[in-house]
Amino acid sequence: MIEIKDLHKSYKMGNNSLHVLKGINFKVEEGELVAIMGSSGSGKSTLLNILGMLDELDEGSYTLDGVPIKNLSETKAAQYRNKFLGFIFQSFNLINYKSAAENVALPLYYQKVPRKERQEKAMQYLEKVGLKPWAEHLPNELSGGQKQRVAIARAMAAEPKVLLADEPTGALDSKTSYEVMDLIQKINDEGNTILVVTHEEDIAHMCKRIVHLKDGVIVEDKKVEQVRAEQYV
Amino acid sequence: MKFIFDRNTWQEIFGSIGKNKTRTVITVIGVLWGIFIYIALSGAAKGMDNGFEKVFESVSMNSMFVWGQSTSMPYEGFKTGRPMQLKLGDVDKLQNRIPEINNIAPRITLGNFGTDPVFTVRGQKSGSYPVNGDYPVYTKIATKKIFDGGRFINDEDIEQARKVCVIGERNVQELFDKDEDPIGQFIRIGDVYFQVVGVHKLSQGVSFDSDAAIFIPFTTFRKLYNTGDNVDYFCIAAYDDVDVVQVEKDVKTLLRNIHRVNPEDERAFGSFNLGQMFTRVSGFAKGMTFLSLIVGIATILAGVIGIGNILLISVKERTKELGVRRALGATPREVRSQIILESVFLTMVAGVMGIILGAGVLAFINGLTKDLDFPYTNPTVPIPYVLGALLIMVVLGTLIGLIPAQRAVSIKPIDALREE
């Protein structure tokens, strides 16, 4: 599904160049649930941004579902993001003047899905994350966990190939974190490929594979016994 | 184009501009004020234009008067100071030689230009009034509204030198009893009895005659006062599309020629050019229209710039939202179109409201000035002007929207999403 070869990325900070990713080789198969771990500054968010086509790579190659991702125009990148990727952010990033249902329907709007179908799909995904009764509520009327579930529904709505979650539990207490992880695990059970960036050990162990990043290189890549989040909920 | 008529697009736009209602309203007021000023000013200018037109409606707009004075240069053996007397024969010569002339009305009067008014009697009542000897053609230059049942002097009156007269409203008031119909009655003008055939109504605005002027046939006048072929002055109306200043010059040149006056002598004949006056007055009204156009457009521009400014702030505030949208698959084009459409939409809403408000104020002013003696009538803004203003607003709205739109697009989604 995802294949990265010899990926380099550096940022220019005035006169200094900051070499963030120093040759990453990395492969994700369909249906995997991968945790990308690392302390802050290890380059995990940069990696996720490049995977999410939010940032460009300097060197190396990136192939997503057989499509080489390189030198995309903004428009093309937007279309690919819409088609291939679903994003889950630490701070949810819901649009605060839109209801939960409208937020979920937004990626479908950019896919030019007809209105009726869009609403139906949005409701369907809201139901999946257990928030159907909150469909007409604005984000500020929802709790943190609920917001993240809306965000997950939104990421799912476009039926992407890969879900990218950047610290999805970073802003949540541990109980809600486990609820969110439970949801992510269930989505993974249905065969969706998911990448989770986290620095929390327990969250990482709820994935099936852990990739450790340190100073821009992968120091460890191991399959783990998945801890089901269900038992903590 | 489909994008503009898509319900979803509008939902997005209403969503984002409805987010900060106070700010949206204040922004809209800026443009609304601009278009309001534009409509109100240009309507007022138009009203003034119409008003002036109404003032001049009873006289031919490119008309002039010519009268004889006395020479100021010796010529062909004549010495200086020879008084000039216009003659009836001049009419045909002028008409034949100057094709720009539409109508010439020779007039002779008593009671104007230093002569004594004529003592007029009816029964126990009397008064002194100016008396004019006129041809029917006079009404083609200065419209005379005649009250029902009456008429102006006609050709037969001239031919037979009938003793008929047309009197003014004030004559009727002073010579007749209330509720008495003057038509068909006789009044004594000087020593001769005349039958009243019409009562002329004093016209609003510019008029050559007072409301107490008595008109009698030119031929009757000349018989009565033994004036022969003498004419006091000519009322000349040129055709609509000719240069009246030139006609005035031509007429005077020709008159100098006929009366054997030095061609250089500017003082032998006097003239007053109403057409030139009118051009000046209407030039003033046009200037007002132009000024209101400039002021209006400048105000609209200021308002639209205000919208651009607010959208720029709004884009800044919505950086994150726009980043999310782009992460979710909004293309730069879609983001740009949305911002521009927001700008155009705000401009249009403001514009339409301003037009309605402006029209309302114009209607109000019209109501106030309706019965006033003030040159202000029917203030309107022509539809093309309104459409033009709307078009300008759409164009400006688009252009000004481009700036925040470009700003919105230049933000990379990753920068937009980065935590503060």
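The contact takes 22 residues from chain A and 20 residues from chain B, where two residues are in contact if their C-beta atoms, placed from the backbone, lie within 7 Å. This is a predicted model, in which local features need pLDDT of at least 70 and side-chain atom pairs count only at pLDDT 80 or more, while totals for chains, interfaces and linings use all residues. Residues are numbered from 1 along each chain as its sequence is written, and chains are lettered from A and ligands numbered from 1 in the order in which they are written.

**The side of chain A that touches chain B**
- Helix H2 (74-84) and helix H3 (100-110) of chain A each supply at least two residues of this side; helices (H or I, at least four residues) and strands (E, at least two) are DSSP runs, numbered from the N terminus.
- H2(A) gives the largest share, six residues.
- By type, the residues of this side are 10 nonpolar, seven polar and five charged. Ala, Val, Leu, Ile, Met, Phe, Trp, Tyr, Cys and Pro count as nonpolar, Asp, Glu, Lys and Arg as charged, and the others, Gly among them, as polar.

**The sheet in chain A**
- Six strands form an open sheet in the order E6-E7-E8-E3-E9-E10, with mixed pairing; two strands pair if DSSP finds at least two bridges between them.
- Strand E6 (85-88) and strand E10 (217-223) of chain A are the edge strands, each pairing on one side only.
- Strand E3 (residues 33-37) and strand E8 (residues 193-198) of chain A pair in the parallel sense over five bridges.
- In this pair, Ile36(A) stands opposite Val197(A) in E8(A).

**The largest nonpolar core**
- This core has 176 residues, of which Ile36(A), Val104(A), Leu195(A), Cys165(B) and Ile236(B) touch the most other members. A nonpolar core is a set of buried Ala, Val, Leu, Ile, Met, Phe, Trp, Tyr and Cys residues joined through C-beta atoms within 7 Å.
- Helix H3 (residues 21-55) of chain B gives the most to this core, with 14 residues.
- Among the residues that Ile36(A) touches, not counting those up to four places away in sequence, are Leu48(A), Leu195(A) and Val197(A).

**Chain B as a whole**
- Chain B has 14 helices and 14 strands.
- Of its 420 residues, 41% count as buried; a residue is buried if 20 or more other C-beta atoms lie within 10 Å of its own, exposed if 12 or fewer, and partly exposed in between, with C-beta atoms placed from the backbone.
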